[in-house]
Amino acid sequence: MSETPDPSHRRLQRDGFCLLPDAVDSDWIRRLQDVCSQTFAGDTTSVRARSSRGHVYAARNLIATIPEVSTVWRCLPLVSFLRGELGAKLGLVRALFFDKPPERTWHLPWHKDTAIAVRDNQLASQHFSRPTVKAGVPHLIASDEVLRRMLTLRIHLDDANDENGPLRVIPGSHVSSESEGVGVAGEVIIHARAGDVLAMRPLISHASGSSVEGTQRHRRILHLEFAASESLPDGVRWHDFVGV
């Protein structure tokens, strides 16, 4: 008799996202909160986006600067889930940080995550386009074929509710770069607690609103992108690849 598929895997396949409750324990969450605060407080390089009051609301290239991002996902619940979706040759390829600091909030329009970080964005290829440089790192827009073999884990470092601008997603929009899924009218708002992890496909349409005026809540997210393999078409190489 075949095993019954895990409900989380089924939902990810059907809708393009699923929430993994309590996937990261409270000790890890406190450690990540502390290391992010300490790293950003003493760093004024261009990989950090700061508000006029000095709050960091976005940071790139964390694999090189925060060692914990390469190990937090190796806990059994997450690495088991990742292997079930991407296979045994998976690896971490990009890590970002987002926050909505109190009184310095922001919103994000509907979009899909189609850019990947690479070593060289000048190679000729039908699988990649639109070379750019973000915070000193070459990026390319990847084809649907490449993006379907990727998965993002968003680790919540704070509770996320209607007060602090939670993520909104459109179920079924992950099928392709052109897919609209169930449409904006069917959006799902992601409420989560610190330690919950949102798994989502890069091609899912997602957005977020601003925090409610007067809130004292942060909305800190560690955004980790994974690929099924270190190999990419046409000689293109990931900028970073941290295997299991």
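Buried means under 20% relative accessible area, exposed over 50%, and partly exposed in between, with a 1.4 Å probe and protein chains only. The model is predicted, so local features need pLDDT of at least 70 and side-chain atom pairs count only at pLDDT 80 or more, while totals for chains, interfaces and linings use all residues. Residues are numbered from 1 along each chain as its sequence is written, and side-chain values use heavy atoms, with hydrogens and water left out.

**Helix α2**

Helices (H or I, at least four residues) and strands (E, at least two) are DSSP runs, numbered from the N terminus. The expected span of a helix is 1.5 Å times one less than its number of residues. For the 16 residues of α2 this gives 22 Å, and the end C-alpha atoms are 22 Å apart, which agrees.

Go to the start of α2 and show D25 and D27. A side-chain oxygen of D25 comes within 3.1 Å of the backbone nitrogen of D27. This is a polar contact: a pair of N or O atoms within 3.5 Å, where within protein one must be able to donate a hydrogen and the other to accept it, and residues adjacent in sequence count only if both atoms are side-chain atoms.

Next, show W28 and R31. R31 lies over the face of W28, at 4.6 Å from the ring centre. A charge sits over a ring if NZ of Lys or CZ of Arg is within 6 Å of the ring centre and within 35 degrees of the ring normal. For another case, select K100, which lies over the face of W106 at 4.9 Å from the ring centre.

**The cores**

A nonpolar core is a set of buried Ala, Val, Leu, Ile, Met, Phe, Trp, Tyr and Cys residues joined through side-chain atoms within 4.5 Å. The largest one has 39 residues, and L62, V72, W73, I155, L224 and F226 have the most contacts inside it. Helix α2 (residues 26-41) supplies the largest share of this core, six residues. Another core, of 14 residues, lies apart from it and includes V93, F128, L203 and V236.

**W73 and F226**

The structure holds two aromatic pairs. Select W73 and F226, which form an edge-to-face pair, 5.0 Å centre to centre with 75 degrees between the planes. W73 lies in the loop between α3 (62-65) and α4 (76-86) and F226 in strand β14 (residues 221-227), so the pair ties together parts that are 153 residues apart in sequence. Both residues, W73 and F226, are buried. Rings of Phe, Tyr and Trp (its six-membered ring) pair if their centres lie within 6.5 Å; planes under 30 degrees apart count as stacked, over 60 as edge-to-face and the rest as tilted.

**H174**

Move to H174, in the loop between β10 (167-169) and β11 (188-189). H174 is buried, at 12% relative accessible area. A polar atom of its side chain lies 3.1 Å from the backbone oxygen of Q13. For the backbone oxygen of D15, the distance to a polar atom of the H174 side chain is 3.5 Å.

**Two loop residues**

Finish with N61, in the loop between β3 (56-59) and α3, and A135, in the loop between β7 (128-134) and β8 (137-142). N61 has a positive phi of about 60 degrees although it is not a glycine. A135, not a glycine either, has a positive phi of about 50 degrees. N61 is partly exposed at 22% relative accessibility, and A135 is partly exposed at 26%.
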